[in-house]
Structure formats: structure tokens, C-alpha cells
Amino acid sequence: MNYLYFWYIDILAKHNIPEIFGDITFPILPFCIIAAAIILVVLFLVLLERKILALFTQRKGPNRVGLWGLLQTCADAIKLLTKQNVDIKGSDRFLFNVAPIVVFVPAMLLWGLIPYSSEFEFMGFSVTIILFIAIASLPVIGIILAGYASNNKYSLIGAIRSAAQIISYELPMTFVILSIVLLASSMNLKDIVLAQISVPPVLGWFAIPCFIGFIIMFICAVAELNRCPFDLPEAESELVAGYNTEYSGMRFALFFLGEYTMLFVMCLFMATIFFGGFLPLTGKYISEMCFTNSEFLQVFIYFEQAIWLFLKTLILVVLVMLVRASYPRLNSASLMKFSWKFLLPLSILNFIVIMIFKYIQDGGAI
């Protein structure tokens, strides 16, 4: 982010603002951007899902609050903020209050690991992909705490289901990610994106040689998000609402916020490792053709890269929502068998195929 830092300092200098102010405020900007983006994205995703499900099931969906119902999610957010937080008798009050935070905070941190452009990366590490997997696994701890602390048997059963589900679907996902690391020869997400550059732009995407891996990753991501048909930890028809049965008000809103934040960030992650991330579909940036002589050309390119990434992510988000509209919930035994007896062997086979492909691509060099 060096380019953006110096650009920010230059803007402050033009307005006679001391450089020390820029040094202090620049690290805070990413947090503010992420916090604002999360709120806007969640409001948009909730409305989008309700509209898509309504269209898919031939209903109208939200259409009363605001034009075409666009303000419905804002009204829902206000309702949750003003609702009373009920303390359950016999619950572990400390763990009961901590659980929603443990679910939401990791989802927020994951946003900082995604490279939104070639310069716009909040946290860049040589092993970003391992850090992403580790942090993405943390929300299950919050779910287990919520189930245990609620003093409710339905919540506890939902929490135990979540733990079993996460463990089952983490392994196939890990083998797929190892395949991507092997193809890119790097664990850094930005390097993985740049490794997908090719002259015909789309042919460089890792989704082509690792198509089976993408299907496995997509299924595992849906399972990790606890979304239908893998929503056994909530299971309204049998567990009332599962691990968040006893939650209300802002504490319930944090679970809700964490769920949709994780939905978007997991789709961001898949778009990054399989579909070229911020690389353009056209092979050339539109900004280069429209703003050739502009002094802000590089900045326009960075923003265009982020737009390309968000467009790819949006397509994956819609696919996840269509899965919810299309498939019924699995039972617990079928869910476990599907992972251990089908996805895990298939992910190992995919990893072996990618090893052979990489060996041939490198001319037999070890």
C-alpha cells in the first residue's frame, strides 16, 4: 500500500496538513473502510437474498418499506438495535455475551486479508492463505460457546452439530487449497492472483485445471457458512433456531452480521483463488482506455481492480443463494457421510491430479 500512502500524504500536503497527521490516520483508514463496507454489504446481501428467493418461489418479497422495498433491511436493522437483550436464567452470562463477538470479529478480520487490488491490501503476509483458513475456523468456537452458555438443550445440540460439521468439511477444503498453493507456488493471496495472469485472460484462472477442486470448495464453503442444505446447527424445524435460540436484540444481530459477512468474504476468497481475483475479464483495464492522460490513472486502475473482484464475488454469492432456494436440508447422518465418504476422497484425488499437472507443466522438474 506504499503508493496509496504517498498519495494520501500528498493530498494532505496540498491542504497544508502536517505529515504526522497522515502517519497517525492512515493505519486507521482500513479499519474504517472495512467497518463501513461490512454494514453496507450485509444490508445489500440480506435484501438481495430475499428478492432472489421471492423471484425463485414466485413471490413479491420486500416491497413496502422504501421504493421497491429497498429500505426493508434498514428497518430490520433498526428493529434489532432497539429490541431488548434478554438475559436467560441459568445461563453463563459472560460466555453468553462473548459468543456473538467471537463469531463476528474473525469474519471482520478476514476482510483485511483479501487483496482488493495490486496495491490495496490491508494485511499482506507470505502465508496469507494459511492465516485465512485459521481465522475462518474461529467462529465455530463462538457457536459452541453460544450453545453451551444458553442453558438450552436445542442450542447445545445445534452447537455440537456445528462443531462436527466444521471438522468434517475443513479437511476436503484444506486439500483443495493445497492444490491451489501447488499451482501458484505461493501461499500469498496476491501472488496467487498474479499467477493467474495469461494472454487469453480467462484461460489463466485456476478454476480451469482445478474445476473439481472449485466444486468441492464451493460445497465446503456452503457447509462452513451453515447455510441450506447444511444449516443443521440452526434447523428451525427441529431446533427452533439452534445455537442462537435464546439470543435477541443486538446480540442476535451480531450472529446475523457475522453470517452474512462470512458469506461475502468466503465468496471473495473463492473469486481470488479460482477466478483471478482483481484481474480483468477483458485482459486490459478500461481505465487505461478512458483516462490515458489523467494523473490519477493508477488510482482509477486500483478502483477498477476492486470492482472486477466484487463482480466475480457477486456471481458466487448469487449461486450460494440459489442453492438455498433449490435444495432441502440434509439429515445429520447424510451430511457426515457426504463429506467423509465422497468429498474427502475426491479432494485427495484432485490434489494428486493437480500434482501430476504441475509436474508436466514444469517440464518434469522437481
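Mentor: The largest pocket holds about 990 Å³ of space. The model is predicted: local features need pLDDT of at least 70, side-chain atom pairs count only at pLDDT 80 or more, and totals for chains, interfaces and linings use all residues. Residues are numbered from 1 along each chain as its sequence is written, and side-chain values use heavy atoms, leaving out hydrogens and water.

Trainee: What makes a pocket differ from a cavity?

Mentor: On a 1 Å grid over the protein atoms alone, a cavity is a set of points where a 1.4 Å probe fits but cannot get out; a pocket is an open set with protein on both sides within 12 Å along at least five of seven lines. Lining residues have an atom within 4 Å of a point.

Trainee: Which helix gives the most to the lining of the largest pocket?

Mentor: α12, with nine residues. α3 (28-56) and α4 (72-82) are among the helices that each supply at least two. The lining divides into 19 nonpolar, five polar and 12 charged residues.

Trainee: How many cavities of 30 Å³ or more does a search of the whole structure find?

Mentor: Two. About 40 Å³ lies in the second largest cavity. F132, I133, A136, E170, M173, I177, E224, M266 and F269 line the second largest cavity.

Trainee: Why is α6 called roughly antiparallel to α12?

Mentor: The axes of α6 (residues 128-136) and α12 (residues 249-274) come within 13 Å and cross at roughly 155°. Angles over 145 degrees count as roughly antiparallel, so α6 is roughly antiparallel to α12. I129, F132 and A136 of α6 meet M262, V265, M266, F269 and I273 of α12 (contact is heavy atoms within 4.5 Å). Eight of these contact residues are nonpolar, none polar and none charged.

Trainee: Why are α12 and α14 called oblique to each other?

Mentor: The axes of α12 and α14 (residues 297-326) come within 8 Å and cross at roughly 120°. Oblique is what remains after under 35 degrees (roughly parallel), over 145 (roughly antiparallel) and 65 to 115 (roughly perpendicular). α12 and α14 are therefore oblique. The contact includes Y260 and F264 of α12 and L309 and R324 of α14. By class, the contact of α12 with α14 has 13 nonpolar, two polar and two charged residues.

How values were computed. Axes are lines fitted to C-alpha atoms, for helices over the stretch in contact, and angles run from 0 to 180 degrees between N-to-C directions. Helices (H or I, at least four residues) and strands (E, at least two) are DSSP runs, numbered from the N terminus. Ala, Val, Leu, Ile, Met, Phe, Trp, Tyr, Cys and Pro count as nonpolar, Asp, Glu, Lys and Arg as charged, and the others, Gly among them, as polar. Grid points are joined across faces, edges and corners, and a volume is the space filled by probe spheres set on the points.
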